[in-house]
Every structure is written in structure tokens, then in C-alpha cells.
Amino acid sequence: MKYIISILIIQLFSFSLLAQDYDFTVSESKMVLGGGLNNTLSVKIYESNEKDIIKDWKNILKKNDAKVDIGKEIVANNVLLKDLSDLPFNCFSSLKSLEKDVYQLNVCVYLGGNYLSFNEHPAKYKVFADFLSEFAKATSIQSLDNLVKMAKQELSKKESDLAKLKDTKDKLESEIAGWKKDIQKAEDDIEINIIEQEDKKNEVQVAKEVLKKEKGKLDQVKKSK
């Protein structure tokens, strides 16, 4: 029964993995971010956690020359993304949990005077949307890669445990086989012992008769004149 339940759990887990829909498309909306209701780009990040996402997002911003402060929002000043512009910009980010291991990264980009939007800056919007999408995908891949490594380690441990159990079983079976041989030999020895006891009983009886006979002779000699 436990074996059947384990198989069902594995099948359901495998199905849930295959059924997961990973979408790194960047969406655009108005959000309260950066000190007001501003145009914001959003993307989903999968199979990760808040701490790692914030750390990775901070690192990639710093790689692009930004000075990053983390509070209620992630504030990055003087970001220089050369594919977008030769001039630095500021961006404000927040992270929202959507469901288990799925987060939404929201970013509004202040270009100096206005915020990045598809209608006003189509070329720059595409560059930053691609940058955001690539970050989300790379972060998700890294998280899944770590999960795969952990799963491999767990599988290796379980396989090692299984091998040890098999070795223990083989050892016990070998010992049992040896014990069976010893038991069979002991049983054969018992049968031989029973036969030898019967022979020895006969010898004892003969010895008793000899003793009785010799004692009779001795008594007879003692009584003679």
C-alpha cells in the first residue's frame, strides 16, 4: 500500500512540474512605485525566493554602475544600460509574491522628466523589457539549477541508502545460508550422536555384565577356604 501511494505521489509531482507554465513576458501597468502612480514594467520569476531575487536584482543593477538602496522599495540611482541610453537613469523596484515560489518583479524607470513607457519610448521600452525578461529567466534557471543539484544529491543519497539496504539483505541471506548449513550439520551430528548413544548403551550394558561377573568371581574367591 505504501509503495502504491509513493508511486502516485511521484506521478502527481512529475505532472505538476510538466504542467507549470513559465512565462517571462513583460507587462506594463500603472502602479504606486517611485513616489507616485507611475508607469511600471512587471515580469514573473519562478521557483525562487524573495531573498535570492532581491540579491540577484541588486547585483545586476550594481553591475550596470547603479548605487542601490534596499528598503520598502529597491532604489537604484545612476543605472547605466548602454543599449538603452548613454545617460544614466534611476529605477524603483518592488517584489510581490503571487503564489508559492512565484514572484512578480515590478520596475519603474525614471528617465529624467518622465517614466519609461511603450507609447513614449518604444525602442527604449523594448531594450529594458528584454533586459527585465532575460533577468527573470536567468534567475529562474539558476534557481531551478540549484533545485536540480539538490534533487540529484537527494537521489544519490537515496540510491546509496538503497544500496546499503541491499548489501545488508545480501549479508543476512548469506549468514542465514551459513546458519542453515550449520543447523543441518548439527542435526546430522545429533542423529549420529543418537546412534552412537545406542551403541554406547549396549557397551555399557556389556561392561555392567562383565563387572557383575568379575565381582561374582571375586566374592567366590573370598569365600573359599
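Guide: Helices (H or I, at least four residues) and strands (E, at least two) are DSSP runs, numbered from the N terminus. Ile183, for one, sits in helix α3 (residues 122-223). This is a predicted model: local features need pLDDT of at least 70, side-chain atom pairs count only at pLDDT 80 or more, while totals for chains, interfaces and linings use all residues. Residues are numbered from 1 along each chain as its sequence is written, and side-chain values use heavy atoms, without hydrogens and water.

Visitor: What makes Phe24 and Tyr46 an edge-to-face pair?

Guide: Rings of Phe, Tyr and Trp (its six-membered ring) pair if their centres lie within 6.5 Å; planes under 30 degrees apart are stacked, over 60 edge-to-face, the rest tilted. The structure holds 8 such aromatic pairs. Phe24 and Tyr46 have 5.5 Å centre to centre and 90° between the planes, hence edge-to-face. Phe24 lies in the loop between α1 (2-19) and β1 (27-32) and Tyr46 in strand β2 (residues 37-46), so the pair ties together parts 22 residues apart in sequence.

Visitor: Why is the pair of Tyr110 and Tyr115 called tilted?

Guide: Their centres are 5.0 Å apart and their planes at 55°, so the pair is tilted.

Visitor: How do you know whether Phe24 is buried or exposed?

Guide: Buried means under 20% relative accessible area, exposed over 50%, partly exposed in between (1.4 Å probe, protein chains only). Phe24 has 16%, so Phe24 is buried. Tyr46, at 4%, is buried too.

Visitor: Why does Ile183 count as partly exposed?

Guide: Its relative accessible area is 46%, so Ile183 is partly exposed.
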